[in-house]
Amino acid sequence: MSAVSSWVSETLVRDATERRIFAVLGLITVLLVAGVFAGVIGPRFLLFQIALVGMYALLSLGLNVQWGYAGLINFSVAAFWGIGAYCAALLTAPNSPLGLGLHPVFGFLAAIVVSALIAVLIGIPTLRLREDYLAIASLGLAEVIRAIILNERRWTAGSSGISGIPNLMSWLPLTDAATTAAIVVVLIAVVYLFLRRVHRSPWGRVLRTIRSDEDLAKALGKDTYRFKMQAFVIGSVIMAVAGAFYAHLNLYIDPSDLVPLTTFYIWIAVILGGTGSNRGAVVGAAVVIAIREGTRFLNDIGFIQTLGIDLAPLRLLFVGGLIILIMRFRQDGLLPPKDELIWPAARDGSRSGGASPSSAAPDGGTAPNGGDDR
Amino acid sequence: MIPLQISPFQYVANGVVFSSIIVLAAIGLSLVYSIADFANFAHGDLMTVGAFSALFSVGFFRPMLGDAGVFGLPLWFFLALAFGMGTAAVISVITDRVIYQPVKGSDSIGLLISSIGVALVYRALVFLSFGTEAERYGVPRQGPIPWVRESLGIAVTPRNLVVVTLTVVLVAALHLTLTRTTLGRKMRATADNADLARISGIRTSEVIIAMWLIGGALAAAGGVFLGLEELVRPRMGFDILLIVFAAVILGGIGSVYGAMLGGLVIGMVHELVPLFNQWGVIPVGSRYAAAVAFVIMVAILLVRPSGIAGDSG
């Protein structure tokens, strides 16, 4: 038990802000669980929302690799997500225009391969140049991919969308909703651990150098173009995997979610959570889904309907305002990265030696040594 | 209205009109890029704001002036255009003061991301004040000018001519401002090297205000013309932003004259896509016009990232 409590104090509640954030999150969780037991919220609905939060968390982790680790501005998150979703839908749904009905594994593989290829293609012209070129080109890419999916009805079914996408692992002795929720938890854990590992590696250190001073990284002899390309491809593949997962979660896909607004939701998740922080990306995704689904929920309340307010513009206003406010007042986000970039062994070593004033030490914490730092 | 066999010159004529709109938008975007030093993703929605402000003012200019007209367009339209340009100019200065200046401490990337937020807020405000439907200015329908149709076989309406003429006037006025006035020299100096300009006694903050005024007014003019030629839609500016960026990159980021040239080329190509498709030059039709502009932009980035008129990458 003491190991668990020390892990909690090490990772979740290191300073006052984090304590507050996680207290609020914990409260919401308790309320949701209580809601299920009280019969207000259907467990199926809750599991679906969990899976949706998980999908957003995956997208945020993907963007965090690009923007958080390497400082790459990718405005085509929705497009890579859509590529993944359409790869899965086209290959696995029996009534898709391709009509293949393959095993979901092929959908995921295709999502990975296609998204990696497109990421390389868009990276080649832009990643050698200043950051804003990628921003502009990726916004264009998103529009082009949306146009292709809308117009090439023979291949993509256009705006009518693809239905009949099979469930994942329906042989598991769980309900479909529980299975997808479990799968996304596993996916997030795998991606999270993988990213933490690579971020702490020399590769991650080079990326952080590039982000803060690319000329310095070049002066140290690093091929920054190659590193940025790798980060861009990894991030895009994670987004495509999230998209493929979404296809199997929602069992239906159409191009309406490929709009740029989806991309900006993910941007909010990452900059709100804390640029460069994977924990932040996950928390940010949960907040964003709360905004999205929460406002959708409001739409169903009779009182608001009688007022005759259309909530879509208000949501847009809220998203835009939130971006402006974060950039103005809290650019670090809620959970900025702290010592999570340092190997635990290295950190403990420097502390027990008592030599270097560890700049990465938690602010207000009395955190004891030991345990994993996340 | 348009002959069945569409003459190639018809596409060129459409291209000149569309180019005018892109040129106006691209100049403003390029000015911001050169002086404020960031990619302003709110520029497209600023065009929308200008177009809708003009639409709003039609409500009181029209009863005031009646149907009196010049150059084939009612007089109230020109006043509405001026009103839209003025409103967008003021809004862009206020946006700079309230939102961009306080973020200034961070780099151009912080401003870029903020501008996305600004774009969404602009659009949300347009949605909230005008609804989500496409609107029209209510300019009476016009047939093509008869003698042009008979001599060249293409349909050109008086409003097409007004759009192109006013664009030429605005661009010429900007050119004279940049080359012949003290303000223009200050603006070019600030764009070239802001620190040096400040050291030599130029009040760069005033230059930045002037730049936002000019950029906002030109964006609004482009937006109003787009609304006049097509429809006034809340998404019109954002939908065209990619093409405007393509024009700016083709011309060379930060170069005003490059933006004019880039706008001309990209606008023309955008309208010529169906013709090229007919000729078998490219395999896609007008639905992919924006995609063709995007491909040109990517090609420019590969071959000459500094653009036609740019000096450094």
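**Backbone, helix packing and chain contact in a predicted two-chain model**

Leu251(A) lies in the loop of chain A that runs between helix 11 (224–250) and strand 2 (252–253). The model is a predicted one, and in it the phi of Leu251(A) is near 60 degrees, a positive value in a residue other than glycine. Most residues other than glycine have a negative phi. Leu251(A) counts as partly exposed because 17 C-beta neighbours fall inside 10 Å, whereas a buried residue would need 20 or more. A positive phi in a residue other than glycine is also found at Asp37(B), where the angle is near 65 degrees. Asp37(B) is placed in the loop of chain B between helix 1 (8–35) and helix 2 (43–65), and, with 15 C-beta neighbours inside 10 Å, Asp37(B) counts as partly exposed.

With regard to confidence, the model scores ipTM 0.85 and pTM 0.84. The pLDDT of chain B averages 86, and 96% of the residues of chain B score at least 70. For chain A, the secondary structure comes to 16 helices and two strands, and buried residues make up 45% of the 374 residues in the chain. Among the contacts in chain A with a separation of 6 or more, 76% are accounted for by residues 24 or more positions apart.

Two helix pairs of chain B are described next. Two packed helices are described by the angle between their axes and the distance between the axes. The axes of helix 1 of chain B and helix 11 of chain B come within 6 Å and cross at roughly 145 degrees, and helix 1 of chain B passes helix 11 of chain B in a right-handed crossing. The residues of this contact between helix 1 and helix 11 of chain B divide into 18 nonpolar, eight polar and one charged. For helix 3 (residues 75–103) and helix 4 (residues 108–130) of chain B, the axes come within 9 Å and cross at roughly 145 degrees, and helix 3 of chain B likewise passes helix 4 of chain B in a right-handed crossing. From helix 3 of chain B the contact draws on Thr95(B), Ile99(B), Tyr100(B) and Val103(B), while helix 4 of chain B contributes Gly110(B), Leu111(B), Ser114(B) and Val118(B). By class, the residues of this contact of helix 3 with helix 4 of chain B are five nonpolar, three polar and no charged.

Glu271(B) has its place in helix 11 (residues 256–279) of chain B and is buried, because 21 other C-beta atoms lie within 10 Å, against a cut-off of 20 or more. When neighbours within four places in sequence are left aside, Glu271(B) is in contact with Tyr11(B), Asn14(B), Gly15(B) and Phe18(B). The C-alpha atoms of Glu271(B) and Ser286(B), which are 15 residues apart along the chain, are separated by 7.8 Å. Gly84(B), in turn, is found in helix 3 of chain B and counts as buried, with 28 C-beta neighbours inside 10 Å. With neighbours within four places in sequence again left aside, the contacts of Gly84(B) are Gly50(B), Ala51(B), Ser53(B), Ala54(B), Ser57(B), Ala220(B) and Val224(B). Between Gly84(B) and Thr165(B), 81 residues apart along the chain, the C-alpha separation is 18 Å.

The largest nonpolar core holds 216 residues, of which Met55(A), Ile268(A), Val244(B), Ala246(B) and Ala293(B) touch the most other members. One of these, Ile268(A), touches Gly284(A), Val288(A), Val319(A), Leu322(A) and Ile323(A), when residues up to four places away in sequence are not counted.

The contact between the chains takes 28 residues from chain A and 33 residues from chain B. On the side of chain A that touches chain B, helix 5 (104–126), helix 6 (131–151) and helix 15 (311–329) of chain A each supply at least two residues. Helix 6 of chain A gives the most to this side, with twelve residues. Classified by residue type, the side of chain A that touches chain B has 18 nonpolar, six polar and four charged residues.

Note on methods: Residues are numbered from 1 along each chain as its sequence is written. Chains are lettered from A and ligands numbered from 1 in the order in which they are written. This is a predicted model: local features need pLDDT of at least 70, side-chain atom pairs count only at pLDDT 80 or more; totals for chains, interfaces and linings use all residues. Two residues are in contact if their C-beta atoms, placed from the backbone, lie within 7 Å. Helices (H or I, at least four residues) and strands (E, at least two) are DSSP runs, numbered from the N terminus. Ala, Val, Leu, Ile, Met, Phe, Trp, Tyr, Cys and Pro count as nonpolar, Asp, Glu, Lys and Arg as charged, and the others, Gly among them, as polar. A nonpolar core is a set of buried Ala, Val, Leu, Ile, Met, Phe, Trp, Tyr and Cys residues joined through C-beta atoms within 7 Å. A residue is buried if 20 or more other C-beta atoms lie within 10 Å of its own, exposed if 12 or fewer, and partly exposed in between; C-beta atoms are placed from the backbone. pLDDT is the predictor's confidence in each residue, from 0 to 100. Axes are lines fitted to C-alpha atoms, for helices over the stretch in contact, and angles run from 0 to 180 degrees between N-to-C directions. A crossing is left-handed if the near helix is turned anticlockwise from the far one by less than a right angle, and right-handed if clockwise.
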